[in-house]
Amino acid sequence: MKKSLWVLAALLAVGAAQAEDTLKKIKDTGTVTMGVRESSGLSYTIGDGKYVGFHIDVCTKVLSDIEKQLGKKIETKYQPVTSQNRIPLVQNGTVDIECGSTTNNATRQKDVAFAVTTYVEEVRIATKANSGINSIKDLNGKTIATTTGTTSVQTLRKHERATGVDFKEVFGKDHADSFLLLDSGRADAFVMDGSILAKNIATSKNPHDFKIVGEVLSVEPIAIMMRKDDPAFKKAVDDSIKAMIKSGDMAKLWDKWFLQPIPPAGAKIGLALNDATKQAWANPNDKPMEEYAKK
Amino acid sequence: MGRWRGGGSLPRAISYAANKNEESGVSNWDWAVFCKDTASGEVVASCFARGRDITYLQWMLSAWGWTLSVALLALIVALIIGSLVGVLRTTPSKWLVLFGNAWTELFRNIPLLVQIFLWYHVLPSIFLSLRGIPSYVLVAFALGFFTSARISEQVKAGIQSLARGQRYAGLAVGLTLPQTYRYVLLPMAFRIIIPPLTSESMNIIKNSSVAFAVSIAELTMFAMQAQEETSRGIEIYLAVTGLYFISAFAINRIAHAIENRVRVPGMIGGK
């Protein structure tokens, strides 16, 4: 038994050996691997191995700044990640910079580092326009849909325990499924990130049948993720993002992805820049979600 | 940070191995995640919270209960309907055979996940009365019907593997067709197909993981949700994998015991 533990320990140690300088790795290999999502509000595929989205545009700009800094042409490779594997893939060096939609929280900060927050998500309630639901108080005794594998499930649970409001939860396997639960009447409300609600409503059959109501249930900073303990790379990424905020490029990207028609279908999400994001841009920081909750 | 206490040697051994690597930068394994409260994220000393609060361990055990309930309910549906359809497919009546074949092909040629969605989203929008039925019942029927197609195939094969003379002998001594099945054919056929039925019963435990798609808080949903909340995917998935293995293996042992118990010396499969 003891011997086999050493073998296990040795295997784990091999995985650790490559905690190195990302900038040097990029310079030496001439390539960088960007982690992307298949289907997320900030990063998604339009087929054919092409990935687009707000965060991908941000990362592309960051990488072109790093290219200038290194004085060498670098090739970007795309690696699709899921919410289950994104952290291990960043840790083990498969992905150098993850440009999906990862919430920066204290638990994750033990494993990875985050760039300064580029986007602040607000968890909201979507409901049928004629439902009479206007805030979380009105949800007493109602059925609420949300998506398995998201932080919204935990947010709801916390609200339920804290306020004593009693509601029934149903879980969709993805956002489209959760929206279908609301659309088909199996659920009275759908609690999720505001951008996801806006996108689902915008692309539904009758967008006027739905509305987003009530208070902000939780605020989550979303940021670009990279390996921990690599200050040179983090500084390069942060500086590039701060420059984009200052020059107004970031606001232009918001306009491009959240107010103008977006590929592939040309739908408009119609999500105005929210106050929390404005504040994050005014004072760039990499504070985790827990810091936002304290306010 | 509180470590897993009552867990015996495996968690401790793994923490030990992981601690060895802490300096070298490998993320540490943390089995205490199961003792955390699901709302506050604080570690509960006994791993079992009281009142309205629950820990991840309690949640996982309840998820295990859902997995077993859905699977067993589906297994009952599958065995009853599968046997019935399998028998129909070996009767002399052309229409009964046609019905049995149609049933089998319908349910085994549509992917399971698609069937679950048909039951949950499509049928209730056509037959409004289905809306009142709890989703676990719908899933048990969906999973049960899917598996019944496979079981009917095995029952049919079991009956056809018997010598034709058995059926004729039964009818010749004056038994009716149902009596021939009841007293001559099925007792033999079922003994022969216990091994494939065992596989099917184990599969149903694993296939029950699709129930997460229609909002049943079973093990797969627990794994997806809890790993997102705790960022401790490896520990969560290992524990869930262990529970699936234990459940399927328990079915295997029970079936093995049944097989030994009903064995008839001198027959196929006997000693």
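Modeller: A residue counts as buried if 20 or more other C-beta atoms lie within 10 Å of its own, as exposed if 12 or fewer do, and as partly exposed in between. By that rule, buried residues make up 38% of the 271 residues in chain B. The model is a predicted one.

I will take chain B as the part to look at. Chain B has 10 helices and 0 strands, and along the sequence its pattern reads α-α-α-α-α-α-α-α-α-α. Among contacts in chain B between residues at least 6 apart in sequence, 64% join residues at least 24 apart.

Chain B is divided into two domains: domain 1 covers 1-21 + 29-54, and domain 2 covers 59-262. Their C-alpha centres lie 36 Å apart. Where these domains touch, domain 1 of chain B brings 8 residues and domain 2 of chain B brings 6 residues. On the domain 1 side of that contact, 5 residues are nonpolar, 1 is polar and 2 are charged.

The element to examine in detail is helix 3 of chain B, residues 94-108. At 1.5 Å a residue, its 15 residues should span 21 Å, and the C-alpha atoms at its ends are 21 Å apart, which agrees. An α-helix has 3.6 residues a turn, so residues three or four places apart point the same way. Which residues of helix 3 of chain B are buried? They are Gly100(B), Trp103(B), Thr104(B) and Phe107(B). Seen down the axis of helix 3 of chain B, the buried residues fall within an arc of 90°, so they line one face of the helix. Those buried residues pack against helix 2 (56-88) and helix 5 (135-160) of chain B. On the other side of helix 3 of chain B, the exposed residues are Lys94(B), Trp95(B), Leu98(B), Ala102(B), Glu105(B) and Leu106(B).

Two loop residues of chain B have a backbone feature worth noting. Cys47(B) sits in the loop between helix 1 (9-20) and helix 2 of chain B. Its phi is near 75°, a positive value in a residue other than glycine. Cys47(B) has 19 C-beta neighbours inside 10 Å and therefore counts as partly exposed. Ser215(B) lies in the loop between helix 8 (194-207) and helix 9 (219-230) of chain B. Ser215(B), also not a glycine, has a positive phi of about 70°. With 25 other C-beta atoms within 10 Å, Ser215(B) is buried.

Now for chain A. Domain 1 of chain A covers 18-120 + 220-294, while domain 2 covers 121-218. The centres of these domains, taken over C-alpha atoms, are separated by 27 Å. Their contact involves 15 residues of domain 1 of chain A and 13 residues of domain 2 of chain A. On the domain 1 side, strand 8 (119-128), strand 12 (210-227) and strand 14 (267-268) of chain A each supply at least two residues. That side divides into 8 nonpolar, 5 polar and 2 charged residues.

The largest nonpolar core has 69 residues, and those touching the most other members are Cys59(A), Ala189(A), Phe190(A), Ile224(A), Met226(A) and Val237(A). Helix 3 (residues 54-70) of chain A gives the most to this core, with 7 residues. Both domain 1 and domain 2 of chain A give residues to this core, so it lies between them. Ala189(A), leaving aside neighbours within four places in sequence, is in contact with residues including Ile125(A), Ile133(A), Leu139(A) and Leu182(A). Apart from this core lies another, of 63 residues, among them Val44(B), Leu57(B), Ala223(B) and Val240(B).

Two further places in chain A complete the view. Thr102(A) lies in strand 6 (residues 97-103) of chain A. Thr102(A) is buried, with 27 other C-beta atoms within 10 Å. Not counting residues up to four places away in sequence, Thr102(A) touches Arg86(A), Ile222(A), Ala223(A) and Met225(A). The C-alpha atoms of Thr102(A) and Phe114(A), 12 residues apart along the chain, are 9.2 Å from each other. Pro264(A) is in the loop between strand 13 (261-262) and strand 14 of chain A. The peptide bond from Pro263(A) to Pro264(A) is cis, with omega near 0°.

Terms used: Residues numbered from 1 in each chain as written. Chains lettered and ligands numbered in written order. Predicted model: local features only at pLDDT ≥ 70, side-chain atom pairs only at ≥ 80, totals over all residues. Domains from an automatic or database assignment. Contact = placed C-beta atoms within 7 Å. Nonpolar A, V, L, I, M, F, W, Y, C, P; charged D, E, K, R; others polar. Helix = DSSP H or I, 4+ residues; strand = E, 2+ residues; numbered from the N terminus. Expected span 1.5 Å × (residues − 1). Arc of directions from axis to C-beta. Core = buried A, V, L, I, M, F, W, Y, C linked by C-beta atoms within 7 Å.
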